[in-house]
Every structure is written in structure tokens, then in C-alpha cells.
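Subject: Structure and notes

Hello,

Here is the structure for your files. My notes follow below it.

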Amino acid sequence: MAVTEPAPAAPPAAYEGILRRQAMRESAARTYARSLPIVPVRARGLTIEGADGRRYLDCLSGAGTLALGHNHPVVLEAIKKVLDSGAPLHVLDLATPVKDAFTTELFATLPREFADNARIQFCGPAGTDAVEAAFKLVRAATGRSGLLAFTGAYHGMTAGALAASGGAEDVRVTRLPYPQDYRCPFGIGGERGAQIAARWTESVLDDPKSGTPAPAGMIVEPVQGEGGVNPAPDGWMRRMRDITASRSIPLIADEVQTGVGRTGAFWAVEHSGVVPDVMVLSKAIGGSLPLAVIVYRSELDTWQPGAHAGTFRGNQLAMAAGTATLAHVRENRLAERAAVLGARMLANLRALAADHPCIGDVRGRGLMIGVELVDPEAAPVDGGNEAPPDPVLAVAVQQECLRRGLIVELGGRHSTVVRLLPPLTLTDEQATAVVDRLADAMAAAERSPHRRTATGSIR
Ligand code: PMP
């Protein structure tokens, strides 16, 4: 049944029971399920239908996975074709025609200079597994162990990736400042702020007493996602390339979230023209199914057989869905479409700021957009210009969005950045509907008499 016809709503007792059992049986560590108490039963494109019969515009898109939205026909067709062919679904890391086609399509989309001399490693299915693989690769190739990572970074939840994400103490990771215009740690922002951030990195590497021995690699997100939608300036990315290249430090671009057209270029490194040594890819490359790989400069391929193994490295359905997705984005120039539509949505959201003083900042690149919510009545932090973040308001906005049938994610340092990650297939009308619903939700959350500041005072 097409999603254009509403599904018959399940009786409230049925889906409420599902939610209740989830709360009773699933882990305290569950995440999205807490803020989004819905029971999806069908989905197509931007739309999810809940068991309650309601429809939601899904701007979370599987945490940025669904480049083509839910259940795109080319993806379903590709999956069906594999199923109908009788091909094995589980093949470890053996060669198959499906994998061969995926690798060919992926390499065709990558920057030519990079792909012409690259190798691919199929990893366990999660982005974090590919991040671990990238670290192992550069450690083996350089014989060094330390890593450089940035403030606000997110690379995953396994130990090494987590350490690089600022979530664990690990002396092997040196944290460097990621440039940000809003809440710039140097109080400047803009080009000058980025220059100082780059200079800091350079001085840490060149100062023999900085406490940072020569590292095995530098890992960077071209646009930070979970960190609050912070696009790195192109000039700063090029500086990171120069700094690492001149010191023989492999540069690892984590494009798990930014890849496959999301930021308005097929790969976000293309904005700056930077050619990294390693690219970490997951999410959209599997066309909504789990798939993760690293692609890297051939010279780094010195690790040993089995250096990064795993049972689930051969997901044939994900590879077929991924091939179809990559080809569809490429053939239909959806990266360009994301650039145009994203710029329009950013402009519309910035225009809203005049009526909503709680909007501290609107930023993004392509269809990776963030709206940072602040408490405009509170004094700026540390004598700066920016009002403090307002996590209570952010939760209220997210809930008001949900009531209006709009699913959004919260991210950023204080979970105060409303994140929009719609599919690249978003229509103009849908984009308008998303912005309108968000504006309504903000107005409702601002009006809420029960709104409290993070410190507990009632406004
Ligand atoms: N890197 C980046 C940039 C990410 O955004 C994420 C997930 N949000 C990861 C790595 C980890 O991916 P996964 O959750 O699939 O392990």
C-alpha cells in the first residue's frame, strides 16, 4: 500500500502497549526512543506513518542515513533483485558481483585524484567500526600511536572512536580547536578565528615540549554533525591538509555523516578540494542498510591480513541498496539540489530569527542544518556576545515539533541545536512545510508558561 493512503490507525491500546513494553524491557541507554515516542509502521520518502495513524515529516532520516528518504523505489528494486537472484546474503569478505558493482560505483563518485590510487576495506557494519579500522591502518603505516582530533568531534561509540570523540580520557588523543564562528573559543570567529585555530594546531605539532609526540593521524569531520552542525571553513581544511602533509601525518576525513551529497557536494572534502589520505564512509552508502568502509591511499596498505576483521563485512543487500543510492544521487545531481535547497532553507530560517530571539544561530551546509537555541534574556556567557544555550527550550521545541508531525534531532555541545537532516529528495513544498512547522513549534515553546531556564527559574 502506498503511503499516500493513510494506514488504518491501530487501536491506541496496541501502540501504547508497544511503547510501554519498550520502556520496561529496553536498556536505560536507549536514545532516540526517549524523545520520539512513536511507533513507525510504514514510511516513504520524507514521511513516516505511526501506528497511531499520524504522519510525520522525518528530518532525522536515520541520523542522516537516508539520502533518498525511506523506501525509495530504486533502493527497494535493488534489494528485491538480489533476493530474487538467489545470491548468498552472507559471504564474509568474499568477492561477489554485488560487491564488485558497489566498489566500482563508489570509486566512480570519489574525487578522481583519490580514487585513482586507493584501496577499500570493508568493515563491520557501523561507522564506528570503520573509524577503528582507520586508526589501525594509520598506526600500522606510521608506526606511531597518538591521534589528533578536534573539539566537538563525534566519531562513534567504540573505545578508540569514543576516545577521539572526547567521550573518554585517552592520553593518546590530542584535542585541537575546531573552528567555529558562534561561540568561538578565541572570541573572534570568522577567518581570523580559524587562522588562530590552525596556528594552535601547528604550534602543538612543532613545539617539542607540547606533550604531543608525532601522531599516527589526524581525524576530522568536514562538517561536524553531532557536535552541533559546524561547517569547517574551506581555507582551514586546506591548512589542515598542508600541516599534516608536510609532517607526514595521514589525514582521515570522517565522512560518515557528510557523504553522499548531504552537504551540497558528493563528498564534503570536495568543497575545499582537500584530498585526504583516508576516508571513513558509512550511513548513506548502504542505502538505509548497515554498511561501513574505509577508502585510503594505497601506500598506507601495509597492515597485515586480519588486521581488521569482522563477521559482518559482506552485507549484500546493503551493498546493492548502496550502489543504487550512490548511482541515483550521482545521476540526478542530488548534491547540487541539496546545495540549492539547503541555502534556501538556511535563508528562511535566518529570516525567522528576527521574530524569535531564542534563535542564537542558524548554520549548516547543504541539507545539514542546525538552529542553535539560546536564552535571550540571560546574560551572555563569559562577557561574550552570545546568549547561553537553552537546553530546556530545545527539548520543548523538539516536543512541539513532534506534536506538529515533524521529527527533528537535537545535537550540539549542550543539546541545544535543532538539527535538520532531510533526504536529498526533499521537494520545495516539503522544505517549506518543515520550516513552517519548526517556526510554529518555536513560537509554541517560547509561549509555554512552564518554560524554565536550565537553572530552574521560571520565566
Ligand atoms: N562518524 C560520524 C561523523 C558520525 O556522525 C557517526 C554517527 N553519527 C559516526 C562516526 C558513528 O557511526 P555509527 O553510529 O554507525 O557507529
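A salt bridge here is a side-chain nitrogen of Lys or Arg within 4 Å of a carboxyl oxygen of Asp or Glu. By that rule, 3 salt bridges cross the interface of domain 1 and domain 2. This is a predicted model, so local features need pLDDT of at least 70 and side-chain atom pairs count only at pLDDT 80 or more, while totals for chains, interfaces and linings use all residues. Residues are numbered from 1 along each chain as its sequence is written, and side-chain values use heavy atoms, with hydrogens and water left out.

Domains

An automatic or database domain assignment sets the bounds: domain 1 is 13–64 + 334–447 and domain 2 is 74–331. Their C-alpha centres lie 26 Å apart. Counting a contact as heavy atoms within 4.5 Å, 35 residues of domain 1 touch 31 residues of domain 2. The two domains bury about 2,500 Å² between them, 50% of it on carbon and sulfur atoms; buried area is the accessible area (1.4 Å probe) that two parts lose on being put together, summed over both. Arg365, Met368 and Arg413 supply 30% of the area that domain 1 buries against domain 2, more than any other three residues. Arg365 also forms a salt bridge with Asp234, with the closest N and O atoms 2.9 Å apart.

Helices (H or I, at least four residues) and strands (E, at least two) are DSSP runs, numbered from the N terminus. Buried means under 20% relative accessible area, exposed over 50%, and partly exposed in between (1.4 Å probe, protein chains only).

The buried residues of helix 9 are Gly193, Ala194, Ala197, Ala198, Thr201, Val204 and Leu205. They cover an arc of only 135 degrees around the axis, so they sit on the same side of helix 9; the arc is that of the directions from the helix axis to the C-beta atoms. On the other side of helix 9, Glu191 and Arg199 are exposed. The buried residues of helix 9 pack against strand 5 (147–150), strand 6 (173–176), strand 7 (217–220) and helix 10 (234–245).

In helix 10, the buried residues are Trp236, Met237, Met240, Arg241, Ile243 and Thr244. They pack against helix 9, strand 5, strand 7, strand 10 (251–254) and helix 11 (269–272).

Val293

Val293 belongs to strand 12 (residues 293–297). Val293 is buried, with a relative accessible area of 0%. Leaving out residues up to four places away in sequence, the contacts of Val293 include Phe102, Leu106, Phe122, Met279 and Ile285.

Regards
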